[in-house]
Amino acid sequence: MDWLKDALEIRTDGKGLYAVTDEVEKLIREWGVHEGMCFLYLPHASASLTITESYDSSAKRDVEEFYERTVPEGESWYGHTMEGPDDSPSHIRATLTQPSLTIPIDEGALSLGTWQGVFIFDHRSRGRRRRLLVRCLKIS
């Protein structure tokens, strides 16, 4: 078994879901991982990782809208607003999702469902550089 690691830098334009499946699978191919496990970790308090529908863009918009309605900006009870009105909501949204994912690798690709994709979910209004840590345990 081999332990492989790298990091991807993903630029975002602000709030929303950003597909990273292709970038992760490119690393898997470069490393020659045929069978194994992929571990993804996003070390940010205002962004997260998720797996969701990647075929129809209306599904992506629906997920984004759900979070806008569930955790809106500008609530009077927010205390953590040092960096602006998106400060507290971005951290709350990140706690509702997750900073890491573990996905099996079979036949040289992430073992995702037919319509699934891996996304960075940026919860901040301004664009940012997000660092995605990619680790793979290569079995064959």
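This is a predicted model: local features need pLDDT of at least 70, side-chain atom pairs count only at pLDDT 80 or more; totals for chains, interfaces and linings use all residues.
**Ground rules.** I kept to local features with pLDDT of at least 70 and to side-chain atom pairs at pLDDT 80 or more, while totals for chains, interfaces and linings use all residues. Residues are numbered from 1 along each chain as its sequence is written, and side-chain values use heavy atoms, with hydrogens and water left out.

**Entry 1: the sheet.** I looked up the strand order first. An open sheet of 5 strands runs β1-β8-β3-β5-β6, with antiparallel pairing. Its edge strands are β1 and β6 (109-110), each pairing on one side only. For my own reference, helices (H or I, at least four residues) and strands (E, at least two) are DSSP runs numbered from the N terminus, and two strands pair if DSSP finds at least two bridges between them.

β3 (residues 36-41) is joined by 6 bridges to β5 (residues 100-106), and 6 bridges also join β3 to β8 (residues 129-138). On the β5 side I found T102 as the bridge partner of F39; on the β8 side, C136 stands opposite C38. Further out, 2 bridges join β5 to β6, where I105 stands opposite L110.

**Entry 2: the two faces of β3.**

**Entry 3: the core.** The largest nonpolar core has 23 residues, and V24, C38, L40, L132 and V134 touch the most other members. Such a core is a set of buried Ala, Val, Leu, Ile, Met, Phe, Trp, Tyr and Cys residues joined through side-chain atoms within 4.5 Å. Elements giving two or more residues to this core include β1 (2-11), α1 (21-31), β3 and β8. The largest share, 4 residues, comes from α1.

I then checked where α1 sits: it lies across β1, β3, β5, β6 and β8, at about 150° to β1. Axes are lines fitted to C-alpha atoms, for helices over the stretch in contact, and angles run from 0 to 180 degrees between N-to-C directions. Leaving aside neighbours within four places in sequence, the contacts of C38 (heavy atoms within 4.5 Å) include V24, I28, L110 and V134.

**Entry 4: aromatic pairs.** I found 5 aromatic pairs in the structure. Rings of Phe, Tyr and Trp (its six-membered ring) pair if their centres lie within 6.5 Å; planes under 30 degrees apart count as stacked, over 60 as edge-to-face and the rest as tilted. W3 and F39 make a tilted pair, 5.8 Å centre to centre with 45° between the planes. W3 is in β1 and F39 in β3, so this pair ties together parts 36 residues apart in sequence. F39 counts as partly exposed because its relative accessibility is 28%.

**Entry 5: a loop residue.** My last stop was E107, in the loop between β5 and β6. E107 has a positive phi of about 50° although it is not a glycine. Is E107 buried or exposed? E107 counts as exposed, at 67% relative accessibility.

How values were computed
Buried means under 20% relative accessible area, exposed over 50%, partly exposed in between (1.4 Å probe, protein chains only).
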